[in-house]
Amino acid sequence: MDLSEKRIIGSLILLTGVTFLSLALYTGQLATIAELIRSIFEPSIAGLP
């Protein structure tokens, strides 16, 4: 895969994430999104000293 293709795919993923975050802010579901992100990263944080 060419570097420009990787940049386009990365930009689309970033745009999708920003779109979903703005939708969560608009509909008032930010607490649900924050809890989902917290539950995803909890196992990686648990191993830290």
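This is a predicted model: local features need pLDDT of at least 70, side-chain atom pairs count only at pLDDT 80 or more; totals for chains, interfaces and linings use all residues.

Arg 38 and Glu 35 form a salt bridge, with 2.9 Å between the closest N and O atoms. The term requires a side-chain nitrogen of Lys or Arg within 4 Å of a carboxyl oxygen of Asp or Glu, and by this rule the count comes to one salt bridge. The two residues are three apart in helix H2 (residues 30-46), and therefore about one helical turn separates them. Arg 38 is exposed, at 52% relative accessible area, whereas Glu 35 is partly exposed, at 44%. Here buried means under 20% relative accessible area, exposed over 50%, and partly exposed in between, with a 1.4 Å probe and protein chains only.

Residues are numbered from 1 along each chain as its sequence is written, and side-chain values use heavy atoms, with hydrogens and water left out.

On the architecture, the protein has two helices and zero strands; these are DSSP runs, H or I of at least four residues for helices and E of at least two for strands, numbered from the N terminus. Helix H1 covers residues 3-27, that is 25 residues, and reaches 36 Å from its first C-alpha to its last, close to the 36 Å expected at 1.5 Å a residue, the expected span being 1.5 Å times one less than the number of residues. Just after H1, Gly 28 takes a positive phi of about 80°.

Finally, burial: buried residues make up 2% of the 49 residues in the protein. Leu 36, in helix H2, is partly exposed at 47% relative accessibility.
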